[in-house]
Amino acid sequence: MDRRRRDFLCHSVALGACMFAPSAPAQNLRAQARRASEHDLATKSIGELSQLLAEQKTTSRQLVEQALAAIKDPKGEGSRTFISVHAETALASADRIDAQRRNGTKLPALAGVPISIKDLFDENGIVTLAGSTVLQGASVARQDSLIVERLRNAGAVIIGRTNLTEFALSGLGINPHYGTPKNTFDRAHARIPGGSSSGAAISVTDGM
């Protein structure tokens, strides 16, 4: 859905809530507005989120909490999309970045933006499973991979590690060990996501 159509629909929903529910308590309307705002944040690009954070129109904690809520949603694809979630460390990083921003610290471009990592790239202190079970119990990585190091240096908040085709050896996105996240465009028929980076794609489409 292109942005103009999405914005039109979001504004229409918000307007309809005000026009056709005049007797609804004010707190209900505020809750509806908050949900609409959260949906809008989930569909924004990294550049747009970076700008909102820089202008202090949102916080990293808000973005991280929203992502974690989407991951935990029992009706969603979080359990099949993520092999592991870094909830505590992500929230701690978000709070640290928010405090730095409030204090006027000059921050890098991605500071505070939640990012998922494909479970094929090393994170210091974590076992890289590559979507397999044979590596469970293996030694943890001794350092970040280059891409993870660069993301951290750019201020990104790593939210967790996403599912993939085992050892990335297929373009279908199927994983028999951790489940296969359903394609956003046809959940009813459990269409496959495609790509070895199946979890990575769904983490973005579902605002996780």
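1. Five elements each supply at least two residues to the lining of the second largest pocket: helix 2 (26–42), helix 3 (46–54), helix 4 (60–72), strand 2 (114–118) and helix 8 (198–205). Helices (H or I, at least four residues) and strands (E, at least two) are DSSP runs, numbered from the N terminus. This is a predicted model: local features need pLDDT of at least 70, side-chain atom pairs count only at pLDDT 80 or more, and totals for chains, interfaces and linings use all residues. Residues are numbered from 1 along each chain as its sequence is written, and side-chain values use heavy atoms, with hydrogens and water left out.

2. The second largest pocket holds about 440 Å³ of space. Its lining has 19 residues, and Ala42, Lys44, Leu49, Pro114 and Val204 are the closest to its centre. A pocket here is an open set of points on a 1 Å grid over the protein atoms alone, where a 1.4 Å probe fits, with protein on both sides within 12 Å along at least five of seven lines; lining residues have an atom within 4 Å of a point. The volume is the space filled by probe spheres set on the points, which are joined across faces, edges and corners.

3. By type, the lining of this pocket splits into twelve nonpolar, six polar and one charged. Ala, Val, Leu, Ile, Met, Phe, Trp, Tyr, Cys and Pro count as nonpolar, Asp, Glu, Lys and Arg as charged, and the others, Gly among them, as polar.

4. Ten salt bridges turn up in the whole structure. The criterion is a side-chain nitrogen of Lys or Arg within 4 Å of a carboxyl oxygen of Asp or Glu.

5. Arginine 61 pairs with glutamate 65 in a salt bridge (2.6 Å, N to O). Both lie in helix 4, four residues apart, about one turn of the helix. Arginine 61 also forms a salt bridge with aspartate 95, closest N and O atoms 2.6 Å apart. That pair links distant parts of the chain: aspartate 95 sits in helix 6 (residues 87–102), 34 residues from arginine 61.

6. Arginine 152 forms a salt bridge with glutamate 123, with closest N and O atoms 3.4 Å apart. Arginine 152 is in helix 7, and glutamate 123 is in the loop between strand 2 and helix 7, 29 residues away. Arginine 152 is partly exposed at 38% relative accessibility. Glutamate 123 is buried at 2%. Buried means under 20% relative accessible area, exposed over 50%, partly exposed in between (1.4 Å probe, protein chains only).
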